[in-house]
Amino acid sequence: MSHHAKALVLSCMDYRFQEAIADFCRELRIAGSCDYLAVAGSALNITRPNQEQDRAFITGQIEKSLRLHAITQVVIINHQNCGAYGEFDLESTEKVQHYADLKKAAKIIQDHFPELKVKLYFANLKEKGSKREIEFEEVK
Ligand SMILES: [Zn+2]
């Protein structure tokens, strides 16, 4: 039986974002119809992998998602305060780095898979005590 998904979602593994990402996928109307790949640092594994095989792992998973579920798009979500990126002195510097990685990752994926659309998002995080507010912005 063939079964199709709309997208593959690549995000960081960070537990603080999982509920918000699930809600956001409902907003994007891909919830229940997307393959999900969660790895520390998200786009970082494509643009500046710790080891070369990390990038091949991600592209291999996208290839499987495309072959098995006929996805038409890849959604990449990076987030503020990411442990894989480490500390930044300024919020603005942090954002510039994530935006650059997301855009570069999109280019690399599109070089590998020209048939796929790539959408990019950055999740902003505000923590007040135990309260967590997460806002997604599209990166173009
Ligand atoms: Zn992270």
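Figure 1. Ile77 has Tyr121 in strand 4 as its bridge partner. This pair belongs to a predicted model, in which local features require pLDDT of at least 70 and side-chain atom pairs count only at pLDDT 80 or more, whereas totals for chains, interfaces and linings use all residues. Residues are numbered from 1 along each chain as its sequence is written. Strand 3 and strand 4 run parallel and are joined by 7 bridges; two strands are taken to pair if DSSP finds at least two bridges between them. Helices (H or I, at least four residues) and strands (E, at least two) are DSSP runs, numbered from the N terminus. Together with helix 4, strand 3 and strand 4 make a right-handed β-α-β unit. A crossover is called right-handed if, with the strands pointing away from the viewer, the path from the first strand over the helix to the second runs clockwise.

Figure 2. Glu133 is exposed because 10 other C-beta atoms lie within 10 Å; the classes are buried for 20 or more other C-beta atoms within 10 Å of the residue's own, exposed for 12 or fewer, and partly exposed in between, with C-beta atoms placed from the backbone. Arg16 is 117 residues from Glu133 along the chain, and their C-alpha atoms are separated by 10.0 Å.

Figure 3. An open sheet is formed by 5 strands in the order 2-1-3-4-5, with mixed pairing. Strand 2 (34-38) and strand 5 (131-139) are the edge strands, each pairing on one side only. From one strand to the next, the twist averages 20 degrees; axes are lines fitted to C-alpha atoms, for helices over the stretch in contact, and angles between N-to-C directions run from 0 to 180 degrees. In a regular strand, side chains alternate between the two faces of the sheet. The protein contains 4 helices and 5 strands, which follow the pattern β-α-β-α-α-β-α-β-β along the sequence. The radius of gyration is 15 Å, close to the 14 Å that the globule rule gives for 140 residues, so the protein is as compact as a globular protein of that length. That radius is taken over C-alpha atoms, and the globule rule is 2.2 Å times the number of residues to the power 0.38. The C-alpha trace spans about 50 × 30 × 25 Å along its principal axes.

**Figure 4. The largest nonpolar core.** This core has 35 residues, of which Ala7, Leu8, Val9, Val74, Ile76 and Leu102 touch the most other members. A nonpolar core is a set of buried Ala, Val, Leu, Ile, Met, Phe, Trp, Tyr and Cys residues joined through C-beta atoms within 7 Å. Among the elements that each supply at least two residues of the core are strand 1 (7-11), helix 1 (18-27), helix 3 (52-69), strand 3 (73-79) and helix 4 (91-112). Strand 4 provides the largest share, 5 residues. In soluble globular proteins, nonpolar side chains tend to be buried together. Buried residues make up 33% of the 140 residues in the protein.

Figure 5. Leaving aside residues up to four places away in sequence, Leu102 touches Ala43, Ile76, Asn78, Leu120, Phe122 and Val139; a contact requires C-beta atoms, placed from the backbone, within 7 Å. Asp101 is placed in helix 4 and counts as buried because it has 24 C-beta neighbours inside 10 Å.

**Figure 6. Positive phi values in two loops.** Ala70 lies in the loop between helix 3 and strand 3, and its phi is near 50 degrees, a positive value in a residue other than glycine. Ala70 counts as exposed, with 12 C-beta neighbours inside 10 Å. Asn81 is found in the loop between strand 3 and helix 4, with a positive phi near 65 degrees. Asn81 counts as partly exposed because it has 17 C-beta neighbours inside 10 Å.

Terms used. Two residues are in contact if their C-beta atoms, placed from the backbone, lie within 7 Å.
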